[in-house]
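Hi,

Here is the structure I promised to pass on to you. Have a look at it first, and then read on for what turned up in it.

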Amino acid sequence: MKKQIQILSISLFAFCSNVLAQNNAGLKLPEGFKASLYANNIGSARHIAVTKSGVVFAKLNNPNKEGNSIVRLEDANNDGVAEKINGWAKFGGTGIYIKGNSLYASSNEAIFKYDLNSKDEVLNPLTPVTIVSGLLDRRQHNSKSITFDMANNIYVNIGAYSNACQEKDRMQGSQGMMPCPILDSAGGIWKFDGSKQNQTYKDGKRYATGLRNVIGLDWNTQTNQLFVAQHGRDQLNSFYPNLYTDAQNAELPAETFYAINEGDNAGWPYVYYDPIQHKKIVSPEYGGDSKKEGAAEFKDPAVAFPAHMAPMGVLFYTGDQFPAKYKNGAFISFHGSWNRSPLPQEGFFVAFVPFKDGKATGDWEIFANGFAGMEDGVKVTNTSKAKARPCGLALGPDGSIYVSDDTKGAIFKISYNK
Amino acid sequence: MGNNKVKVFVNIGLFVSCLLSVHFVKAQNLVNGKKIFETRCLVCHQSDGGGVPNMNPPLDGASNVNGKDIARLVKIIQNGYDERVALDGMYYNNAMTANPDLKEDAIADILSFIRNSWSNKAGMVTVLQVKAAIAKNKAKKK
């Protein structure tokens, strides 16, 4: 009897994992790709990083139920599912990056460095080195996501603690401040030396400005250039109902993907990018009327995505596993919107932007969809009903990519079957 | 005897119409509250009151929304809310819009609506309660 139950439960388990594998962990993928649920319920997994041996590290927004905010995951038997999971660290945050034998992780105001041994285990979980501290955290847009260039410089997003730099944030009728004082210490990308300890603002350099909030960023090693994805401003219809209908607000402004050069200014809060007119438009807080064009000095996006979808991760695909068209193109994860209400939400997918000769071609496509867990053809109306929301992206040593979810804490592994 | 019967009937009639009018007033308050919710609150707190994870807290099932501290709720509606506080154990990062132009009766209606929508079943909030709350919040400030 006992044996029978055992056999039954084993075959049930095999059946379930088979079904899970067959249905690609619920994801819809292009022909030839498959996905596994690498991990689930690990906590609010923001950005992720994978070592050369395939160990995954996830940075959690808040400590999980075990009290850890960095999680290490290992899939020793290589079945696409992590079986060895542990963690440490009390500080919530978003950024995580592996450079050589160092693991960098960010809180919402600082960047720390840990050392890895030859088994990709952390040697100093309790005593990380502080690389940068004292970065502004005023709650709104406080994620400090990080990336590195090919020298040892760190680029960190310091998001603007505001929607549109009004005198009173998110208040109808409140004017935009001129010049916007937030831009001195936030609303841009700062550059620091990855090998120096205890840096603060004065040791860093404002590398790019006029970026409201960037969570996804990555260094393009082909063009030796930083690429960032900005979260466009909210609530045009709430504050300017005479200029913008609910339907217009749902499509304005674009979520913008920029190829950044040092000193660039993307124009927040003075302008926003209108993906229908294909123009930078003066923000209504700065005298705009939904048509007046903004100054030419502000940067144009490399790609303009539909509004409010919230880009969370950018990953240039330098792996060898996926078909040739993916090589050196960019994956961008979209968290899914809330500010398209009362219209249905959009996003909750991973997009792919093809690159040709180091330049983005505008013809982006949806690569992986179905994270929200809705039935076919049904859109998310209320954001909290989405089962998973794509966040971090990372490349594995075998050329697979990983996608994290910060609602329940799933990690999906996506591979191509040659 | 007959006279008494009439009296009883009249009394019952008065009572019922009283109940009906209370019911009607209540329904009207909730209709007004819903309108305010849709124009000012829905975008952040969403039509199901579920909020947006890590950004805007849910109102559905929130212990403060269903709780007794009306003065705090009135203050949040009037002044907006942008503090590092845990709400039912979770932190939210967005800044809530202030509503300094909402009149006392409108504040009563929007609070009554959020306290009696989705799965929430808390008491209605009256204009008198809102007035008392505003006075209390003012006294505290001084």
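In chain A, strands β10, β11, β12 and β13 form an open sheet in the order β10-β11-β12-β13, with antiparallel pairing. Its edges are β10 (146–148) and β13 (205–209), each of which pairs on one side only. On average, neighbouring strands here are turned by 30 degrees against each other, direction ignored. Please keep in mind throughout that this is a predicted model.

Inside this sheet, β11 (residues 153–158) and β12 (residues 188–193) of chain A are joined in the antiparallel sense over 6 bridges. A cis peptide bond links Met178(A) to Pro179(A), with omega at about -10 degrees.

There is another cis peptide bond between Leu252(A) and Pro253(A), where omega is about -15 degrees. You will find Pro253(A) in the loop that runs between α3 (246–251) and β16 (255–260) of chain A. For background, most peptide bonds are trans, and most residues other than glycine have a negative phi. On the subject of phi, Asn41(A) has a positive value of about 55 degrees although it is not a glycine. Asn41(A) sits in the loop between β1 (33–39) and β2 of chain A.

That brings us to a second sheet. It is also an open sheet of 4 strands, with the order β2-β3-β4-β5 in chain A and antiparallel pairing. Which strands stand at its edges? They are β2 (45–50) and β5 (84–88) of chain A; each has a single partner strand, so one side of each is left without a neighbour in the sheet. Neighbouring strands in this sheet are turned by 20 degrees against each other on average, direction ignored. The partner of β2(A) is β3 (residues 56–60) of chain A, and the two pair in the antiparallel sense over 4 bridges. Within that pairing, Val50(A) stands opposite Val56(A) in β3(A).

Next, the salt bridges. Over all chains the count comes to 25. One of them joins the side chains of Asp406(A) and Arg46(A), at 2.9 Å from N to O. Asp406(A) lies in the loop between β27 (401–405) and β28 (411–416) of chain A, while Arg46(A) is in strand β2 of chain A, so this pair ties together parts that are 360 residues apart in sequence.

Finally, how do the two chains meet? In the interface, 24 residues of chain B are in contact with 26 residues of chain A. Together the chains bury about 2100 Å², 44% of it on carbon and sulfur atoms. On the chain B side, Val43(B), Arg84(B) and Asn93(B) lose the most area to chain A, together 25% of what that side buries.

How many salt bridges cross the interface of chain B and chain A? The rule finds 3. Lys385(A) and Asp48(B) meet through their side chains in a salt bridge, at 2.4 Å from N to O. Helix α1 (residues 2–45) of chain B gives the largest share of the side that touches chain A, with 3 residues. By class, that side of chain B has 10 nonpolar, 10 polar and 4 charged residues.

Enjoy exploring it!

Best wishes

Notes: Residues numbered from 1 in each chain as written. Chains lettered and ligands numbered in written order. Predicted model: local features only at pLDDT ≥ 70, side-chain atom pairs only at ≥ 80, totals over all residues. Heavy atoms only, no water. Contact = heavy atoms within 4.5 Å. Buried area = accessible area lost by both parts, 1.4 Å probe. Salt bridge = Lys/Arg side-chain N within 4 Å of Asp/Glu carboxyl O. Nonpolar A, V, L, I, M, F, W, Y, C, P; charged D, E, K, R; others polar. Pairing = 2+ DSSP bridges. Axes fitted to C-alpha atoms, helices over the stretch in contact; angles between N-to-C directions.
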